[in-house]
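Let's take a walk through a protein fold together. Keep the sequence at hand and turn the model as you read.

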Amino acid sequence: EREAPRSVEAPSGDEWFADAGLPTVTLDLPLSGAWVVERYPVVRSETRPDGLRVVLSVAHEAWLAELLLRLGPGAVVVEPAQWRSLGSEAAAALLAVYRPGT
């Protein structure tokens, strides 16, 4: 048995987590990181001469660390300050796994 298709509106980026009270992160991304805007709901995005500035809700710090690893060194955490070194710390921890004798 099939149901008839329904008309459903997807929420805009700032509505996905509006009632969750999640922290946000502001990232400066190179143009090669534009896929983030297409893949994840963003609170806000702005095209800049050297790339993009995006604001994303963060459900868990580990998710953000993984995203920063995928984006590489061109991604910069602008705010909040406590996450500015998260990408480099995640990269160092990952490299440590592959060091001989560790």
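What you see is a predicted model, in which local features need pLDDT of at least 70 and side-chain atom pairs count only at pLDDT 80 or more, while totals for chains, interfaces and linings use all residues. Residues are numbered from 1 along each chain as its sequence is written, and side-chain values use heavy atoms, with hydrogens and water left out.

Start with the outline. The protein has 3 helices and 4 strands; helices (H or I, at least four residues) and strands (E, at least two) are DSSP runs, numbered from the N terminus. Read from the N terminus, the order of elements is β-α-β-β-α-β-α. The protein has 102 residues, and 27% of them count as buried. Here buried means under 20% relative accessible area, exposed means over 50%, and partly exposed covers the range in between (1.4 Å probe, protein chains only).

Now to the charged pairs. How many salt bridges does a search of the whole structure find? There are 3, a salt bridge being a side-chain nitrogen of Lys or Arg within 4 Å of a carboxyl oxygen of Asp or Glu. One of them joins aspartate 28 to arginine 53, with N to O at 2.6 Å. This pair links distant parts of the chain, since aspartate 28 sits in strand β1 (residues 24–29) and arginine 53 in strand β3 (residues 51–57), 25 residues apart. Arginine 53 counts as partly exposed because its relative accessibility is 24%.

Another salt bridge brings together the side chains of glutamate 46 and arginine 48, at 3.6 Å from N to O. Glutamate 46 is partly exposed at 41% relative accessibility, and arginine 48 is partly exposed at 27%.

Glutamate 79 also forms a salt bridge, with arginine 84 as its partner and 3.0 Å between the closest N and O atoms. Glutamate 79 has a relative accessible area of 40%, so it is partly exposed; arginine 84 counts as partly exposed at 47%. Proline 80 belongs to the loop between β4 and α3.

Next, look at the surface. Which residues form a nonpolar patch there? They are Leu69, Leu94, Val97 and Tyr98, and together they have about 430 Å² of accessible area. Patches are made of residues with over 30% relative accessible area and no salt bridge, with like charges joined within 9 Å and nonpolar side chains (Val, Leu, Ile, Met, Phe, Trp, Tyr) within 5 Å. The areas come from the Shrake-Rupley method with a 1.4 Å probe, and for residues only the protein chains shown count as cover. Leucine 69 lies in helix α2 (residues 61–71), and its relative accessible area of 34% makes it partly exposed.

Leu69 also takes us to the largest pocket, where it is among the lining residues, as are Leu68, Gly72, Pro73 and Arg84. The elements that give two or more residues to this lining are α2, β4 (76–79) and α3 (86–97). The largest share, 3 residues, comes from α3. On a 1 Å grid over the protein atoms alone, a pocket is an open set of points with protein on both sides within 12 Å along at least five of seven lines, where a 1.4 Å probe fits, and lining residues have an atom within 4 Å of a point. The largest pocket holds about 180 Å³ of space.

Glycine 72, in the loop between α2 and β4, is partly exposed with a relative accessible area of 23%. Its C-alpha atom is separated by 9.9 Å from that of proline 30, although the two are 42 residues apart along the chain.

Finally, visit serine 32, in the loop between β1 and α1 (35–39). Is serine 32 buried or exposed? Serine 32 is exposed, because its relative accessible area is 60%.

Technical notes:
Grid points are joined across faces, edges and corners, and a volume is the space filled by probe spheres set on the points.
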